[in-house]
Structures are given as C-alpha cells and as structure tokens.
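Me: Hi! Could you walk me through this one with me? I'll just ask things as they come up.

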Amino acid sequence: MASAGLAEPARATLDIPTKERLIVALDVPTVEEARSLVHRLGDSVVFYKIGMQLQFAGGIQYAQELIHSGKKVFLDSKLFDIDATIEKAAENIARMGVDFLTVHGIGPTVRAAVRGRGDSRLQILAVTVLTSLEASDLHELGYRDASVEDIVLYRAKKALDAGADGVIASGREAEAIGRLSAGKLKIVTPGIRRGSDAVGDQKRVATPASAIAAGADYLVVGRPVSQSEDPRREAEGIVAEIEDALG
C-alpha cells in the first residue's frame with residue numbers, strides 16, 4: 001500500500017511474457033555444467049544470466065551459443081572503468097546480441113555504456129546496492145549517514161538521468177524505485193527465495209510474489225533452481241508464483 005500523498009507504485013510491466021520474467025542465473029563453474037542445467041530446464045526457461053564466474057570459464061562464447069538457440073542472455077559483468085573503455089566494451093557486447101548488461105550505477109559509467117550500445121537491442125542496467133549487502137556492510141564502506149534505501153534511490157535517479165534502461169535492486173526497494181522513476185526504469189531483482197529456500201549469502205531477500213507485487217519486472221534466481229533436485233519443476237513453480245502475483 002502506498003503511503004498517503006504518494007502515487008501508487010508502478011506495477012510490473014504487463015507486456016513482458018510471464019516466462020521471460022524469470023532469469024535463471026548460471027552460477028556454475030563450467031560451461032559443461034551450464035549446458036547440462038539448460039538442457040534439464042528445457043523450454044521452461046528462456047532467459048539466462050551469465051555472471052563473472054562463468055564468464056571467465058568460457059561463458060562469453062556460451063552466451064553466443066544460447067543466443068543462437070533462441071534464448072535471451074543477461075551478461076552480469078558489472079562493468080566499471082574509464083568512460084572510453086566502458087563505451088567500447090558495451091559496443092562489442094551489443095554486437096553479440098546480448099539482451100541485458102550490468103554496469104556500476106554511477107552517471108558517467110551508465111552514459112558511456114548507453115553510447116556504446118548505440119541503437120542495438122542491448123539494455124543497460126545499473127547496479128544500485130548488491131542484495132548481499134545490508135546497512136552494516138555499507139557502514140564498513142564509509143556510508144554512515146545514509147540507509148540502504150537512500151543509496152539505492154540515489155543511484156537509481158542517477159541511472160535514470162543517465163539513460164539507463166533499468167536497475168538491479170532488491171524487492172525491498174522496488175516499490176520506491178517505481179515511484180521515483182514513474183515506471184521508466186525496468187527493475188531486475190536478485191535475492192529471490194521461496195518460503196522453504198535457504199537464504200545463503202543474500203541479506204535483502206524477497207519471495208517471487210512479494211517482489212512482483214512491489215513492482216519488480218524480472219526476477220533473477222540462481223541456487224534455488226540450479227541446486228534443486230528437479231530444476232525444471234522449481235522454475236515452473238516460480239513462474240506460477242509470478243503469474244499469480246500479476247493477477
């Protein structure tokens with residue numbers, strides 16, 4: 001429920017096919033294991049995230065294999081460098097046919113990535129605050145006078161102003177980001193756990209239903225799917241929860 005005087009949060013964009021809202025993270029050490037998981041999931045999943053672990057084990061080449069097979073790919077590189085390097089990296093990644101790319105959520109980095117992707121289909125997502133961090137972790141980094149939500153919203157505003165297509169943020173901040181951006185930013189939410197899932201190293205977690213209800217557009221799920229005895233059944237269960245939450 002929105003607070004008095006505030007507009008209702010932008011709900012998840014309804015024109016995204018429900019199955020595409022689930023992004024399965026291929027957080028495995030080898031391409032062989034990734035390929036095996038994708039095979040087991042079959043047509044239950046159409047969108048995959050390739051993070052740094054797999055990127056440095058042949059994951060870039062495997063991303064192109066997934067694209068050629070008709071899957072969508074989210075390259076979670078969290079790029080951060082001088083503007084010229086970011087721009088050229090985004091230009092090369094755009095040529096691959098990747099759908100999503102993450103960069104650090106500061107204005108110049110986002111703007112450089114947006115320039116680099118040009119008119120390709122690549123969408124630039126700005127990382128706000130990792131879902132494995134909480135207030136005490138931010139204090140360690142020197143952020144003593146701002147809450148997690150303050151920093152997330154500050155970076156989301158910078159990302160919006162710099163031309164980002166979306167942000168990476170937890171389900172806890174999704175509603176506030178929806179209000180801040182008037183629905184102009186896609187919200188991609190990791191740290192998703194169903195009721196019986198182990199939290200692991202995530203700290204700001206949300207269920208599929210609560211994240212979607214708060215305004216998340218895409219949910220990134222890794223270990224609950226990849227470590228399940230029946231990954232396909234787990235993925236289908238998450239998609240069903242998403243569908244129910246969308247009403």
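Me: To start, which residues does Leu22 touch, not counting residues up to four places away in sequence?

Reply: Leu22 touches Val45, Phe47, Leu219, Val221, Ala235, Ile238, Val239 and Ile242; contact here means heavy atoms within 4.5 Å. Bear in mind that this is a predicted model, where local features need pLDDT of at least 70, side-chain atom pairs count only at pLDDT 80 or more, and totals for chains, interfaces and linings use all residues. Residues are numbered from 1 along each chain as its sequence is written, and side-chain values use heavy atoms, with hydrogens and water left out.

Me: And how many residues are in the largest nonpolar core?

Reply: That core has 63 residues, and those with the most contacts inside it are Leu22, Leu26, Ile50 and Leu101. A nonpolar core is a set of buried Ala, Val, Leu, Ile, Met, Phe, Trp, Tyr and Cys residues joined through side-chain atoms within 4.5 Å. Buried means under 20% relative accessible area, exposed means over 50%, and partly exposed is in between, using a 1.4 Å probe and protein chains only.

Me: Which helix gives the largest share of this core?

Reply: Helix H6, residues 148–162, with six residues. Helices (H or I, at least four residues) and strands (E, at least two) are DSSP runs, numbered from the N terminus. There is also a second, separate core of 12 residues, which includes Phe47, Phe100, Tyr218 and Val220.

Me: Some aromatics there. How many aromatic pairs does the structure hold?

Reply: Four. Rings of Phe, Tyr and Trp (its six-membered ring) pair if their centres lie within 6.5 Å; planes under 30 degrees apart count as stacked, over 60 as edge-to-face and the rest as tilted. Phe47 and Phe100 form a tilted pair, at 5.1 Å centre to centre with 50° between the planes. Phe47 lies in strand S2 and Phe100 in strand S4, so this pair ties together parts that are 53 residues apart in sequence.

Me: What about Phe100 and Tyr218, what kind of aromatic pair do they form?

Reply: An edge-to-face one, 5.1 Å centre to centre and 90° between the planes. Since Tyr218 belongs to strand S8 (residues 218–221) and Phe100 to strand S4, that pair links parts 118 residues apart in sequence. Phe100 counts as buried at 2% relative accessibility, and Tyr218 counts as buried at 6%. Phe47, Phe74, Phe100 and Tyr218 form one aromatic cluster.

Me: Nice. Switching to charges: how many salt bridges does a search of the whole structure find?

Reply: It finds 14. A salt bridge is a side-chain nitrogen of Lys or Arg within 4 Å of a carboxyl oxygen of Asp or Glu. One of them joins the side chains of Asp27 and Lys49, at 3.6 Å from N to O. Asp27 sits in the loop between strand S1 (22–25) and helix H1 (31–41) and Lys49 in strand S2 (residues 47–50), so parts 22 residues apart in sequence are tied together.

Me: Is Lys49 buried or exposed?

Reply: Lys49 counts as buried, at 9% relative accessibility, while Asp27 is partly exposed at 37%.

Me: Which residue does Lys72 meet in a salt bridge?

Reply: Asp99, with 3.6 Å from N to O between the side chains. Lys72 is in strand S3 (residues 72–79) and Asp99 in the loop between helix H3 (83–96) and strand S4 (100–104), 27 residues apart. Asp99 is buried at 7% relative accessibility, and Lys72 is partly exposed at 25%.

Me: What about Arg115, where does it lie?

Reply: Arg115 lies in helix H4 (residues 107–117) and its partner Glu87 in helix H3, so the pair ties together parts that are 28 residues apart in sequence. Their side chains meet in a salt bridge of 3.3 Å, N to O. Also, salt bridges that share partners join Asp27, Lys49, Asp76 and Lys78 into one network.

Me: One on the backbone: what is phi of Lys78 near?

Reply: Phi of Lys78 is near 50°, a positive value in a residue other than glycine. Ala182 has a positive phi too, of about 55°, and is found in the loop between helix H7 (171–181) and strand S7 (186–189). At 61% relative accessibility, Ala182 counts as exposed.
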